[in-house]
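Here's a quick briefing to read with the model open beside you.

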Amino acid sequence: MMREIGLTGGIGSGKSTVARAFQALGYRVYFADDRAKALYDEDADLRAAMIALLGPEIYDLDGKLVRSRLAELIFGDKTILAQVNALVHPAVARDYRIWLDNCPADYSKRAVVKEAAILFEAASNITLHGVIMVYAPKQVRLARVQTRDAVVPKQVLARMGHQWPDSTKLALSDFVIYNDGSHALLPQVQRSIQWMESL
C-alpha cells in the first residue's frame, strides 16, 4: 500500500528545498501551497464560493484572484482568514486525492510526499501515514524570508503568527529534518527516506 507522508515546516524553514530533494530522488511530491494558489483560479466551485464570501472584486477582469486584496483582508481579520481557509482546504483535499489517484502505474517508490505549510493547522495530517517536519530557528527563518521576499520583519512575524508554534508541530511530527545551517540536509533526507520506506 502506498504510504502518504506529510512534509511541513514554518515559513522560511526550507521545506520547499527539502521537497525538491525528494523529487530529485524520484519521489512524487504534491505541493499543497502552490496548488491552493492555482485552485483559486482553476476551481469553479472555489471561485464561486470566494465571490459569495468576499464579493466579485476579489477577482480581476481576467478572472484571476486579486492576491493583494485577499492578503489585506485575511491578514487583517482572523474571522475572514478562517472563512477562506474553510473554503480552500476542502478544495485542496479534493485536488490531492485526484493527484494521488493519478499516480503513474510505473511509480516504484513506496511513498508519496504532501508538502504543506499548514499541514497540522488544516488537519491534513489526519489521513497521512506520518509527518516530516523541517525545522529552523525563528531568527534564521526570519532572516531567510526577509531576504527572499524583500519584506520587513513585521511582515514576516505577521505571517508566522498565522502558523502554529514550532514546539507544537515538533511534538506532532514523526521525523525532523534540521535546516539550521549546522546540519547537512542530504544525509537527513536520506535517513527520512529510510524511515518512510520502512512504514
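Leaving out neighbours within four places in sequence, Glu 121 is in contact (heavy atoms within 4.5 Å) with Gln 163, Trp 164 and Lys 169. Glu 121 sits in the loop between S3 and S4, and its C-alpha is 11 Å from that of Ala 82, though the two are 39 residues apart in sequence. Bear in mind that this is a predicted model, where local features need pLDDT of at least 70, side-chain atom pairs count only at pLDDT 80 or more, and totals for chains, interfaces and linings use all residues. Residues are numbered from 1 along each chain as its sequence is written, and side-chain values use heavy atoms, with hydrogens and water left out.

**Loops**

- The element names come from DSSP runs, numbered from the N terminus: helices are H or I with at least four residues, and strands are E with at least two.
- Ala 123 is also found in the loop between S3 and S4. Ala 123 has a positive phi of about 60 degrees although it is not a glycine.
- Ala 123 counts as partly exposed because its relative accessibility is 38%; the scheme is buried under 20% relative accessible area, exposed over 50% and partly exposed in between, using a 1.4 Å probe and protein chains only.
- Ser 13 lies in the loop between S1 and helix H1 (15–24). Ser 13 has 1% relative accessibility, so it counts as buried.
- Not counting residues up to four places away in sequence, Ser 13 touches Val 134, Ala 136, Arg 141, Arg 144 and Asn 179.

**The sheet**

- Five strands make an open sheet with parallel pairing, in the order S2-S3-S1-S4-S5. Two strands pair if DSSP finds at least two bridges between them.
- At the edges are strand S2 (29–31) and strand S5 (175–178), each pairing on one side only.
- On average, neighbouring strands of this sheet are turned by 20 degrees against each other, direction ignored.
- Strand S1 (residues 3–8) runs parallel to strand S4 (residues 130–135), and four bridges join them. Across this pairing, Gly 6 stands opposite Val 131 in S4, and Leu 7 stands opposite Ile 132 in S4.
- S1 also pairs with S3 in the parallel sense, over five bridges. Here Ile 5 stands opposite Val 113 in S3.
- How many residues of S1 are buried? Six of its six are, so to speak, under cover.
- Both faces of S1 are covered, with Arg 3, Ile 5 and Leu 7 buried on one side and Glu 4, Gly 6 and Thr 8 buried on the other. As a general rule, side chains in a regular strand alternate between the two faces of the sheet.

**H2 and its partners**

- Helix H2 (residues 32–42) packs on helix H5 (residues 78–101) at an angle of about 110 degrees, with the axes 10 Å apart. That makes H2 roughly perpendicular to H5, a label for angles of 65 to 115 degrees; under 35 counts as roughly parallel, over 145 as roughly antiparallel and the rest as oblique.
- On the H2 side the contact is made by Ala 32, Arg 35, Ala 36, Leu 39 and Tyr 40, and on the H5 side by Val 84, Val 88, Ala 91, Val 92 and Asp 95.
- Sorted by class, the contact of H2 with H5 has eight nonpolar, no polar and two charged residues. Ala, Val, Leu, Ile, Met, Phe, Trp, Tyr, Cys and Pro count as nonpolar, Asp, Glu, Lys and Arg as charged, and the others, Gly among them, as polar.
- H2 also lies across S2 and strand S3 (111–115), running at about 45 degrees to S2. Axes are lines fitted to C-alpha atoms, for helices over the stretch in contact, and angles run from 0 to 180 degrees between N-to-C directions.

- Which residues of H3 are buried? They are Leu 46, Met 50 and Leu 54. Seen down the axis of H3, they fall within an arc of 40 degrees, so they line one face of the helix; the arc is that of the directions from the helix axis to the C-beta atoms.
- The face of H3 turned away from its buried side carries exposed Ala 44, Asp 45 and Ala 52.
- Cover for the buried residues of H3 includes H2, H4 and H5.
- In helix H4 (residues 67–76), Leu 70, Leu 73 and Ile 74 are the buried residues. Seen down the axis of H4, they fall within an arc of 90 degrees and so line one face.
- Ser 68, Glu 72 and Gly 76 are exposed on the other side of H4.
- What covers the buried residues of H4 includes H2, helix H3 (44–54) and H5.
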